[in-house]
Amino acid sequence: MGHHTEVQAKSKAQYEYDRHHNAVHMRKQVINFAIMIFLTFLAFAVVVAGFSPMFIKPFILLLAGIQVVLQLYSFMHMDDKNGHHIGVISTYVWSGAMIIFPVFLAFVTVVWW
Amino acid sequence: MEETKFTPQSWPNHPEQATAEGKNKFVGIWIFICSDIVLFASVFATYLSLRNKGPAGMEFTTQSLFELPLAFVMTMLLLTSSLTSVYAMYHMKNYNIKGVITWMSITVLLGLGFLGLEIYEFYHYVHIGFGYTQSAFSSAFFTLVGTHGLHVIIGLVWITALIVRNAKRGLNLYNAPKFYAASIYWHFIDVVWVFIFTVVYLMGVLG
Amino acid sequence: MSSVAVSNKKGFGAVLWDYLTTVDHKKLGIMYLFAGVLFFAIAGVEALLMRIQLMVPNNDFISAGLFNELLTMHGTTMLFLAATPLLFGFMNAIVPLQIGARDVAFPFLNSLGFWLFFLGAIFLHLSFFMGGAPDAGWTSYASLSLYSPGHGIDFYVLGLQISGAGTLISGINFIVTIITMRAPGMTFMRMPLFTWTTLISSTLILFAFPPLTVGLFFMLVDRMFGANFFDHTMGGNTIIWEHLFWIFGHPEVYILVLPAFGLFSEIIPVFARKRLFGYSSMVFATILIGFLGFMVWAHHMFTVGMGPTANAIFAIATMAIGVPTGMKVFNWILTIWGGSIKVTVPMLYALGFIPSFVAGGVTGVMMAMAPLDYQLHDSYFIVAHFHYVIVGGIVTAIFGSMHYYWPIMFNRTLSEKLGVWTFWVFFIGFHLTFFLQHFLGLMGMPRRVFTFQADQGWDLYNYISSIGAIMMAVGVVLLVINVLLSIKTPPVNRRDYWGDGRSLEWSIQTPVPFYNFKQTPLVRGFDPCWLEKQEGNKEMMTYAEPLGDIHMPNNSILPLIMSIGLFVAAFGALYHPDGVSWSVPVIVIGLGITVLAMITRSVKDDHGFHVHVEEVIAEEQRLYGKGGNK
């Protein structure tokens with residue numbers, strides 16, 4: 001309980017390893033960011049380029065999906081195995097995603113006039 | 001409560017989850033986000049079924065209203081602010097309060113820029129007659145994008161409060177989870193916006 | 001610092017302040033319980049008035065308009081403001097004890113959840129005194145409620161919005177508590193069934209309340225701020241409300257019934273004196289029911305005209321829910337089978353529950369068939385069905401658990417003798433009231449009618465039904481008397497009151513100290529209390545840590561202030577469509593109070609406090625006398 005924890009000085013090797021690891025991780029995040037920017041750009045580009053909507057709609061939805069997974073797993077650290085109960089958290093996130101699927105399906109198919 | 005003084009050497013590598021309270025906050029913010037997913041989904045689904053629906057002879061459609069350049073700039077601002085808050089968390093791991101404050105402040109500025117553009121957009125629509133009560137379409141549009149905007153405002157107030165409160169006293173294991181939770185929340189706002197710009201704006205322009 | 005080493009006698013003001021600011025899950029559990037009983041009584045009186053009106057044909061005991069208000073408030077209150085808080089009361093009081101935690105994960109939010117619920121409920125009930133209660137049914141379909149004059153529906157929307165926020169917050173709190181606060185050794189698959197069902201039901205709250213929030217918000221802006229979500233002349237669609245409401249509404253019944261299942265899964269093994277049969281299949285069935293609960297909402301809307309494909313899909317998904325529920329029923333029966341059964345009052349309720357709930361479930365599967373539903377829709381058959389499920393499933397669980405957990409919650413006991421009387425009066429009354437309503441429905445009596453013509457063959461059944469309702473009321477009065485009498489009973493002051501307790505909460509000596517466990521327990525297997533008793537451990541608990549300082553959260557008045565802010569703002573919104581000049585300022589002031597309280601909470605550090613070893617020993621001596629709780 002509580003928020004007092006043992007304060008442990010890291011060994012020099014551990015400290016340097018952590019610093020290095022954090023820096024490498026940050027570099028990965030920047031690459032992920034570049035990918036996200038690229039995906040966004042691509043989504044806007046195909047719309048502006050005026051391809052067939054039959055192609056554009058599923059394509060940009062796919063891009064959005066990829067981008068969201070990137071956000072969740074890199075920026076929001078769902079890939080971090082050390083996260084507290086991260087397995088339970090992913091279960092909840094994906095349950096939420098699963099539950100909203102029939103909601104969308106119903107609202108675009110059986111709410112009609 | 002005695003404040004433990006940390007050095008970069010003694011600072012844990014997962015400061016946001018080093019205490020029991022931090023762990024609770026970490027799980028808590030995620031569980032909250034799960035419920036927010038369903039909240040946005042409900043508004044989204046409603047928007048999809050009310051899109052372009054209005055009184056007979058309504059002249060407003062997604063195609064006539066939305067302008068991609070504005071949506072693009074807003075997207076870039078919010079996406080970048082997501083990265084800057086990642087930078088803030090990077091500096092938090094390295095026990096660098098200056099870095100945290102700087103990058104969080106940049107995040108707030110980018111968020112303010114986004115919010116400004118959104119307010120401009122709303123003002124513009126109301127000005128040309130597309131007000132909240134104009135049609136089912138307008139109600140659904142303003143509610144969806146406005147709910148997101150409200151989340152942005154809450155995020156900005158939250159992060160600003162954290163910056164003001166903690167700029168002087170530095171990092172400890174009590175406020176690290178708070179910064180972390182705020183940054184997770186901010187990323188989530190970006191996640192929602194990805195769907196908004198795709199489904200509302202891009203697919204709106206397609207008609 | 002808080003209540004450590006404070007003498008027993010405190011002034012009324014101090015006690016009141018303690019309850020207004022408390023973050024202790026045990027006190028909040030008691031507050032939920034009493035708030036729930038209050039609203040249960042109010043809604044019960046409403047039901048009684050309706051049954052008196054329907055006792056004879058062409059009755060004019062109450063007017064049609066008042067009848068609509070009563071039926072709306074009865075449904076709304078029973079589901080949101082009675083059943084939910086009563087179950088929350090048990091969750092709060094028992095779950096932390098079952099998992100070996102000293103408090104919930106977010107004690108502050110726990111308190112906030114209670115006050116939001118309570119003030120929302122009060123707000124809703126003020127409607128009776130301020131120009132008329134809501135009158136569009138608890139489902140408040142938009143096609144009706146948009147055109148309901150007066151402020152009734154506005155009270156419904158705002159009151160439920162506030163109390164719904166409270167419920168959602170409590171749900172999040174329970175989920176995080178169960179995920180992170182379990183004692184060492186308490187793995188997921190060692191958690192008692194009540195903890196499991198609390199987890200799953202809180203998860204349903206997590207996913208189901210946002211659609212309600214959204215639906216209520218649409219209704220709020222449609223009625224008060226001129227939006228057009230449901231107004232078809234402006235392009236809106238009234239069916240959207242029905243979808244959003246039932247996406248929430250169907251999981252809501254599982255939110256209520258799953259904890260009830262959990263409570264019975266605690267009671268039955270104790271009094272059958274056998275391990276719960278099929279524990280892992282019980283867990284699996286709970287999860288499956290929770291999941292399927294989200295896939296079936298449109299079976300409430302078969303007659304809307306969604307088309308045969310949608311109806312068929314939702315019909316099949318609905319019938320599928322019968323499978324995991326059946327698993328549970330068989331597991332309970334097989335737990336009792338061959339057990340050494342002690343028929344105490346809680347066990348009596350459990351034995352009454354199984355056949356009653358099965359009856360409700362079977363009629364549920366009947367209505368799941370879309371073609372048949374066209375016949376049964378909006379008839380008294382529906383009324384009979386959901387009362388069999390709710391009274392037969394949830395109310396029996398609540399009454400039984402009151403007897404079962406009273407010693408832990410209050411260190412007092414409810415009378416067994418009076419309890420047996422209560423059970424029979426209530427149980428017979430319940431079947432009298434609702435069994436015949438099945439046939440009234442099949443004979444064509446529509447629900448929600450304020451009166452009916454004589455000589456359609458409905459007279460006798462309605463008369464008997466009303467007699468049954470009066471018997472139920474007598475049963476509830478007997479229970480209240482039992483509660484009042486319990487004040488005078490001698491304190492329990494022991495562990496394992498029932499003698500056959502299995503889960504961790506029975507290992508604690510009552511009265512439970514405010515820190516619950518002086519040392520965090522080590523859970524060495526499923527049913528830890530039983531396990532330790534089998535090994536001859538007199539303390540019924542193995543400890544995971546030596547006696548040390550205990551960290552506890554501080555009390556706070558901020559949750560109450562935040563809730564009052566929203567309560568004030570709701571009045572501003574309520575009178576907005578009347579065009580009064582003060583409506584917007586009142587909204588701003590109310591929200592301002594809430595936001596200021598939130599910022600205060602965020603900026604002011606709250607580290608809690610430590611109970612030192614000497615204080616723990618002193619507290620143990622005060623509670624249990626010399627020698628303490630060894």
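How much of residues 30-52 of chain A is helix and how much is strand, and how far apart are the end C-alpha atoms? The views below take up this span and parts of chain C. This is a predicted model, where local features need pLDDT of at least 70, side-chain atom pairs count only at pLDDT 80 or more, and totals for chains, interfaces and linings use all residues. Residues are numbered from 1 along each chain as its sequence is written, and chains are lettered from A in the order in which they are written.

View 1. Residues 30-52 of chain A are 87% helix and 0% strand, with end C-alpha atoms 33 Å apart. Residues 88-112 of chain A are 88% helix and 0% strand, and their ends lie 38 Å apart. Helices are DSSP runs (H or I, at least four residues), strands likewise (E, at least two), numbered from the N terminus. UniProt, in an unreviewed entry, lists both spans under "transmembrane region". Such annotations may be inferred rather than shown by experiment.

**View 2. Domains 1 and 3 of chain C.** The domain assignment, automatic or from a database, gives domain 1 (33-187) and domain 3 (355-486), among others. Their centres, taken over C-alpha atoms, are 19 Å apart.

**View 3. Helix H15 of chain C.** H15(C), residues 459-486, has 28 residues and reaches 41 Å from first C-alpha to last. Its buried residues pack against H2, H13 and H14 of chain C. Buried means 20 or more other C-beta atoms within 10 Å of the residue's own. Among them are Gly468(C), Met472(C) and Leu479(C).

Notes:
The expected span of a helix is 1.5 Å times one less than its number of residues. A residue is buried if 20 or more other C-beta atoms lie within 10 Å of its own, exposed if 12 or fewer, and partly exposed in between; C-beta atoms are placed from the backbone. Two residues are in contact if their C-beta atoms, placed from the backbone, lie within 7 Å.
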